[in-house]
Amino acid sequence: MVFVTGATGLVGRYLVDELLRNGEHVRALCRPQSDRQAVHAFLAKAGTDDAHLEWVEGSLHDGLFLEEAMEGCRRVFHCAAMVSFHPKDAETMMRINRDATGLLVNAMLYTGVEELVHVSSVAALGRKPGEPVHEDVPFEDGRDVSHYARSKFSAELEAWRGQEEGLRVLAVNPVIVLGEGDFSRSSSMLFTLVHRGLSWYPIGTNGFVAARDVARACTVLSDQGCWGERFVLCAENASYQQLMAWMAEALGVPAPSRPLKAWMLGAAWRLSALWERLTGRRAPISKESVENTSKDHRYATTKIEDVLKAKGVDWAYEPIQTTIQTTVPAVLNALGPVKK
């Protein structure tokens, strides 16, 4: 039996599918309001038997509940996290990303569950000018560091604390994750924007990876005993213009053709912040979110290949264009036909 947090999220549902296909019995944590049916529908569409999927309702902030919930499990996959670039969410993200991870680690130590696969983020890593981000670049706080990055770095520290206290830990640090999920939030919103016929594209570049590959990396790396390591997961570095052009082609809509320059984004987030103060409603964009899309982010992609090759295991990422093509039917199902 393995224990999974965040099972109804983008990575979580692919991970549950991967684990069940590998013959595992899965105990998945969820909140009462979580959309479990979406996970079962996802599994059914994939042809995966969900007979060995067990749900437990509860909170990551309840240590006693966690101790009971993971009783009898041999390994924990921690996918649950909050992603936000709104400054008002800073404290909540620390509570969810850092503090809950600490409670999870404590519960594992108490119950004797020894193996933790922690789904972190490249946001928890540092940046060095002139070179791609890789696993050994230490995190450095500063003015341009997002609250989300701070929370994920702090969460990863809790996971590594668990290693110092006796757990076997590995961390995966994915870039922007693409796949079938909730198309009203996080990275999946990119599909929604292109589906709506957005004509603007951000001028930055970033790394992208399929949710299926993140799930596969979690299972393969842990089965191969790659403990004590972190792995950047990046299939491709690409511009947002290229990414959105691939999405548009798969959806059958015109590709965004007008660049969103830095000064435009600066004006946009300032107007958005003013609108929020005047109306009291949450602004759709923030300084952190728009600045991130105008920067040139590049990531190393080879460590997982090299480590697994040394163990006799071949690793290859799914091309991002393929990920987009296989995700589009779910986009159309969720959002309806595109408007011509």
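Reader: Leaving aside neighbours within four places in sequence, which residues is His78 in contact with?

Author: In this predicted model, His78 touches Thr5, Leu60, Thr101, Leu104, Leu116, Val117, His118 and Val119. His78 itself sits in strand 4, residues 75-78.

Reader: Is His78 buried or exposed?

Author: Buried counts as under 20% relative accessible area. His78 has 1%, so this residue is buried. Its side chain also makes a polar contact with the side chain of Thr101, at 3.0 Å.

Reader: How do I describe two packed helices?

Author: Use the angle between their axes and the distance between the axes. Here, helix 4 and helix 5 pack at about 10°, with axes 8 Å apart. Angles under 35 degrees count as roughly parallel, so helix 4 and helix 5 are roughly parallel to each other. By class, the contact has 8 nonpolar, 8 polar and 5 charged residues.

Reader: What covers the buried residues of helix 5?

Author: The cover includes helix 4 (90-111), strand 5 (115-119), strand 6 (168-174) and strand 10 (230-233). Among the buried residues of helix 5 are Tyr148, Lys152, Glu156 and Trp160.

Reader: What span should helix 5 have?

Author: At 1.5 Å a residue, its 18 residues (147-164) should span 26 Å; the end C-alpha atoms are 26 Å apart, which agrees. Just after helix 5, Gly166 takes a positive phi of about 125°.

How values were computed: Residues numbered from 1 in each chain as written. Predicted model: local features only at pLDDT ≥ 70, side-chain atom pairs only at ≥ 80, totals over all residues. Heavy atoms only, no water. Helix = DSSP H or I, 4+ residues; strand = E, 2+ residues; numbered from the N terminus. Expected span 1.5 Å × (residues − 1). Buried < 20%, exposed > 50% of the residue type's maximum accessible area, 1.4 Å probe, protein only. Contact = heavy atoms within 4.5 Å. Polar contact = N/O pair within 3.5 Å; in protein donor to acceptor, adjacent residues only side chain to side chain. Axes fitted to C-alpha atoms, helices over the stretch in contact; angles between N-to-C directions. Parallel < 35°, antiparallel > 145°, perpendicular 65-115°, else oblique. Nonpolar A, V, L, I, M, F, W, Y, C, P; charged D, E, K, R; others polar.
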